[in-house]
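Thanks for coming, everyone. Let me put the structure up and walk you through it.

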Amino acid sequence: MALSLPSQFRVVATVQTETGEVTLPPDGIKVLSVQEVEGRPVNYVEMAKLNQLDAAWRGRVGQPSSWTQQEDEERSYSLYPRPTARVSVTHSYSAFSPTKECDELPVHPAFLPAIVDYALYRAYGKDGQHASEQTKSMSHYHTFNAAIGREAEVKQRHKRERAQRENQR
C-alpha cells in the first residue's frame, strides 16, 4: 500500500541544506512535495522544462523559488536556484515504518476492507495444497488490488488533468 498510495504514509519534515540537493532518510519512499524554503512557498518545475528554459540552472544561486527532480528519481530533489547559504526546507514524503501488533494501522479507515482482503489473501495462500484455498486467496488478492488500484488510478487521472491545465497556460 505504501507504494501504491504514498500519501497515506505522509511524513512532514524540515531539513537543512547548503547545496540545494536533498535526499530522503532511509525510511523515505517518495518525495510528495516541497512546501517551503526559509518560510517562503516554492513550486514544482519539471526538470525537462527547467533544462529547456535555463540550461545553466544548476549553476544559478540565490533564494530558492522552485524545486525539481529527475523523472526516475523519487527519493531526492534539487532546489532552484541553489541557495547561497544553509537553508531550512519543509517537505513531505511517504515513509514506511514496520508496526507492532499493538500499533494502530497508519492508514485511513476507508482502506481497512482492503487490508482485510490482503490479510485473507495471505492466510488462504499459506494452505497452497488445496485448490479451493488458492481460489479464495486469489479472489481476495484481486479485490485488494482493485481497491488500491482504483485509488491510484484516480490520482493518476487528476495528475494528468492538472498537467493538461498547466500546459494550456
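Start at V12: its bridge partner in β8 is S92. The two strands involved, β1 and β8 (residues 87-95), pair in the antiparallel sense over eight bridges. Two strands count as paired if DSSP finds at least two bridges between them. Strands here are DSSP runs of E, at least two residues, and helices are runs of H or I, at least four residues, numbered from the N terminus.

A quick note on the model. This is a predicted model: local features need pLDDT of at least 70, and side-chain atom pairs count only at pLDDT 80 or more, while totals for chains, interfaces and linings use all residues. Residues are numbered from 1 along each chain as its sequence is written, and side-chain values use heavy atoms, with hydrogens and water left out.

Back to the sheet. Four strands make it up, in the order β1-β8-β3-β4. The sheet is open, and the pairing is antiparallel. At the edges sit β1 (10-17) and β4 (40-41), each pairing on one side only.

Next, the largest nonpolar core. A nonpolar core is a set of buried Ala, Val, Leu, Ile, Met, Phe, Trp, Tyr and Cys residues joined through side-chain atoms within 4.5 Å. Buried means under 20% relative accessible area, exposed over 50%, partly exposed in between, with a 1.4 Å probe and protein chains only. The core has 14 residues. Those with the most contacts inside it are V34, V37, W67, Y77, L79 and V89. β3 (28-37), β7 and β8 are the elements that give two or more residues to this core. Which element gives the largest share? That is β8, with four residues.

Now the rings. The whole structure holds six aromatic pairs. Rings of Phe, Tyr and Trp (its six-membered ring) pair if their centres lie within 6.5 Å; planes under 30 degrees apart are stacked, over 60 edge-to-face, the rest tilted. One of the pairs is W57 with Y80: edge-to-face, 6.1 Å centre to centre, 75 degrees between the planes. This pair links distant parts of the chain, 23 residues apart. W57 is in the loop between α1 (47-53) and β6 (66-68), and Y80 is in strand β7 (residues 76-80). Both W57 and Y80 are buried. Elsewhere, ring pairs link Y118, Y121, Y141 and F144 into a cluster.

That's the tour. Questions, please.
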